[in-house]
Amino acid sequence: MNTLNLDQVASFLAIARLGSFRAAAQELGISQGAISQQLQKLERLLGARLVERDPKGCRLTVEGREFEGHARDLHRLANNALNTFRERRLVVGASSNIGIYLLHPYLKAYGDESGASIDIQISRNLVVAEQLAKGEIDVALMEWWDERPGYVSRVWRTEEMVVIVAPEHPWAGLPYLSCSQLRQTPMLGGEPGTGTGRLLAEYLGIELAELSIGARLGSTDAVKQWVKAGMGVSLALAGTVDDETRSGKLVAIPLEGNPPPRKALQVVWRDSLSDEHAACRFGTWLVESAALSHQKNVQVHPARWPLGE
């Protein structure tokens, strides 16, 4: 039967990590002969040699390095499947701006109140979506979500969009910026796939392809450094530039509008989970806490959650 055996995959990963058949066998609690047989069966199944031996030890072949990523994914998914109905830490994935600038007070409040342990993984918006699809994370906090089937998505909170400029910039003293001013000015681009460009295009009443981007820098931190240096202007979530605007290193200018445009940040989990699943409970708590914080105009005032659950 041409089916991957997870024990063989585990043997391969141990050999790859430790660089030694003997050490890998000791770690897995089997004989050196047994782990050699596991690897040989795996190599026969794949039709490729994965490991080369020499007097100094062993190392992965080109094919072995290519297979290693798949093996890690298989091993991780197998562990997730085994832990499906066991108590384990909740894994939350967050897009970069949310994970770095906005989420941490909520995680602390939830941990203090519920006693839950949470692992956090911060990555690009598109990567977070892939992690959720693969089952590598339980809950996703996203700047943009495409409402694909199979998931529950709710607006966690909305965040005002502001234009950031250096204090010396001619716009720095303006009370707000109009669409006509923005249409004529290229913007520095941050993390791709966050939906900011789409939001700006809709605000300006143009097609996304018509948007003028000065440089694509890949991250909000890079954008802030360039703006501080007077190398352009950009659009940002207001909450991601709080420190710089308070210290006077950047000036945040609202956009014209009543109300001005805001970005809806989403919390997402799989719709196959029950209401009692930790992912569903945490996602619901986030939405309720953000709503309560907004009503009271405070940073974080968590909704009450049944303790001990």
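Which side chain meets lysine 263 in a salt bridge? Glutamate 143 does, at 2.7 Å from N to O. Keep in mind that this is a predicted model. The pair links distant parts of the chain. Lysine 263 sits in strand S11, and glutamate 143 sits in the loop between S5 and S6. They are 120 residues apart. Both lysine 263 and glutamate 143 are buried.

Let's stay with S11. The strand covers residues 262-270, and seven of its nine residues are buried. So S11 is largely enclosed by the rest of the structure. Now its partners. Strand S5, residues 139-142, pairs with S11 in the antiparallel sense, over three bridges. Methionine 142 has glutamine 266 as its bridge partner there. Strand S6, residues 151-165, also pairs with S11 in the antiparallel sense, over nine bridges.

Side chains of opposite charge can pair when their charged atoms come close. The count here comes to 12 salt bridges. Take arginine 89 and aspartate 119. Their closest N and O atoms are 2.8 Å apart. This pair, too, links distant parts of the chain. Arginine 89 lies in the loop between helix H4 (62-82) and strand S3 (90-95). Aspartate 119 belongs to strand S4, residues 118-123. The separation is 30 residues. Arginine 89 has a relative accessible area of 41%, so it counts as partly exposed. Aspartate 119 is partly exposed as well, at 31%.

Next, arginine 59 and glutamate 52. Their side chains meet in a salt bridge at 3.4 Å, N to O. Arginine 59 is partly exposed at 46%. Glutamate 52 is partly exposed at 30%. There is also a network of salt bridges: it links Asp73, Arg76 and Glu136.

Is threonine 240 buried or exposed? Buried, because its relative accessibility is 2%, under the 20% cut-off. Threonine 240 is in the loop between strand S9 (233-237) and helix H11 (242-247). Its side chain reaches the backbone oxygen of leucine 237 at 2.7 Å.

On to the surface. Ile100, Ile120 and Ile122 form a nonpolar patch there. Together they have about 250 Å² of accessible area. Isoleucine 100 is in helix H5, residues 96-102. At 48% relative accessibility, isoleucine 100 is partly exposed.

Notes
Residues numbered from 1 in each chain as written. Predicted model: local features only at pLDDT ≥ 70, side-chain atom pairs only at ≥ 80, totals over all residues. Heavy atoms only, no water. Patch = residues over 30% accessible without salt bridge, like charges linked within 9 Å, V, L, I, M, F, W, Y side chains within 5 Å. Areas by Shrake-Rupley, 256 points an atom, 1.4 Å probe, with all protein chains shown as cover. Salt bridge = Lys/Arg side-chain N within 4 Å of Asp/Glu carboxyl O. Helix = DSSP H or I, 4+ residues; strand = E, 2+ residues; numbered from the N terminus. Buried < 20%, exposed > 50% of the residue type's maximum accessible area, 1.4 Å probe, protein only. Pairing = 2+ DSSP bridges. Polar contact = N/O pair within 3.5 Å; in protein donor to acceptor, adjacent residues only side chain to side chain.
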